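Q: I would like to learn how to read the features of a single-chain model. Could we take them one at a time?

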Amino acid sequence: MSLAASLRDTLEKSLALDVPVLDADIRGERLLANGNAVDAAVLIPVVDRDSPTVILTQRTDALPSHPGQVAFPGGKVDPHDDGPVAAALREAEEEIALSRERVELVGTTDLYLTGTGFHITPVIGVVPPGLDLTPEEGEVAAIFEVPFDTLFDPANYDEREIEWEGRMRRYYEMYWEERRIWGVTASIIMNLSRRLRAAA
C-alpha cells in the first residue's frame, strides 16, 4: 500500500471514531465564528521517503502577522478558489513553488479556529522527495523537513499556558533543530496525531 493510501485509510477510519480534538486557541470555552471568521487552509505536505518527513516553513521576520514563526504553507481562501483544498494547493505553489500536480491528496482533517479569527482547514497531501522548492522571499525565510514520526509524537511536545487578551491560552510547543514549532501549527499537528494514533 502506498503512503498516500495508508494515510487516507487511517484518516478515514479515524473520522468514524470519537477522537477528542482541539477546536480553538482558547481552551475551556468554545469560540463560535458567527459568520465572522475568515476561511483559511494549510497544506500538510508529507514527503514519501523510506522514513517519511513533513515540509514546514519559517515565516520571514518582516511579515506583519506571526513573523518568524514556523507554519505549514497556507493562507486565506480567496473568492476565486474552489474551496479550501484549492486554496491550500495555491498557497503552497505561491509560498514554496510546490506544484499542485506533484501533490497526491489524502484528505482534510479537523477545522481549527484561531484566536485571530481564521477558520483553518488542514489539507493532507503526499509529495515525492527531491522536489526543487523555492521560498517566496517576501513570506518564507526557510523551508525544512521534520521526520514524520518525530513531528506527530505527542511525547515531544510540552503544553504551556499564557494570558492572552485577558484569557488564559494553552498551547503546545516543541523544538526541532532550534526551530520552535508551537501555537496553531502545533495544535493542528496534535489533532492529526490523535486521529492517526486512534485509528492505528
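A: We can begin with the contacts of one residue. In this predicted model, A4 touches E104, V106 and V126, leaving aside residues up to four places away in sequence.

Q: Where is A4 placed, and is A4 buried or exposed?
A: A4 belongs to helix α1. Its relative accessible area is 1%, and A4 is therefore buried, the cut-off being under 20%.

Q: How far apart are A4 and E104 in sequence and in space?
A: In sequence A4 and E104 are 100 residues apart, while their C-alpha atoms are 6.9 Å apart.

Q: What does the chain contain in helices and strands, and what share of its residues is buried?
A: There are 4 helices and 11 strands in the chain. Of its 200 residues, 44% are buried. As for contacts between residues at least 6 apart in sequence, 66% of them join residues at least 24 apart.

Q: How is the packing of two helices described?
A: Two packed helices are described by the angle between their axes and by the distance between those axes. Here helix α1 (residues 3-15) packs with helix α4 (residues 183-199) at an angle of about 90 degrees, and the axes are 8 Å apart. An angle from 65 to 115 degrees counts as roughly perpendicular, and α1 and α4 are therefore roughly perpendicular to each other.

Q: Which residues make the contact between α1 and α4?
A: From α1 the contact uses L7, T10, L11, K13, S14 and L15; from α4 it uses L192, R195, L196 and A199. Sorted by class, the contact of α1 with α4 has 6 nonpolar, 2 polar and 2 charged residues.

Q: Which residues of α2 are buried, and what do they pack against?
A: The buried residues of α2 are A86, A87, A88, L89, R90, E91, A92, E95 and I96. They pack against the strands β1 (38-47), β2 (53-59), β4 (74-76), β5 (104-108), β7 (118-127) and β8 (140-147).

Q: What comes just after α2?
A: Just after α2, A97 takes a positive phi of about 60 degrees, and A97 is a residue other than glycine. A97 is found in the loop between α2 and β5. Its relative accessibility is 40%, so A97 counts as partly exposed.

Q: What is the phi of E177, and where does E177 lie?
A: E177 is not a glycine, yet its phi is positive, about 45 degrees. E177 lies in the loop between β10 (167-176) and β11 (179-182). With 60% relative accessibility, E177 counts as exposed, the cut-off being over 50%.

Q: Which parts does the salt bridge of D153 tie together?
A: D153 forms a salt bridge with R197, and their closest N and O atoms are 3.6 Å apart. D153 lies in the loop between α3 (148-151) and β9 (158-164) and R197 in helix α4, so the pair ties together parts 44 residues apart in sequence. At 24% relative accessibility, D153 counts as partly exposed.

Q: In the salt bridge of E173 with R180, how far apart are the closest N and O atoms?
A: The closest N and O atoms of E173 and R180 are 2.7 Å apart. E173 is buried, with a relative accessible area of 6%, whereas R180 is partly exposed, with 28%.

Q: Which residues do salt bridges with shared partners join into one network?
A: Salt bridges that share partners join D78, D81, R90, E91 and E94 into one network. Of these, R90 and E91 are among the buried residues of α2.

Methods:
Residues are numbered from 1 along each chain as its sequence is written. This is a predicted model: local features need pLDDT of at least 70, side-chain atom pairs count only at pLDDT 80 or more; totals for chains, interfaces and linings use all residues. Side-chain values use heavy atoms; hydrogens and water are left out. Axes are lines fitted to C-alpha atoms, for helices over the stretch in contact, and angles run from 0 to 180 degrees between N-to-C directions. Helices (H or I, at least four residues) and strands (E, at least two) are DSSP runs, numbered from the N terminus. Angles under 35 degrees count as roughly parallel, over 145 as roughly antiparallel, 65 to 115 as roughly perpendicular and the rest as oblique. Contact means heavy atoms within 4.5 Å. Ala, Val, Leu, Ile, Met, Phe, Trp, Tyr, Cys and Pro count as nonpolar, Asp, Glu, Lys and Arg as charged, and the others, Gly among them, as polar. Buried means under 20% relative accessible area, exposed over 50%, partly exposed in between (1.4 Å probe, protein chains only). A salt bridge is a side-chain nitrogen of Lys or Arg within 4 Å of a carboxyl oxygen of Asp or Glu.
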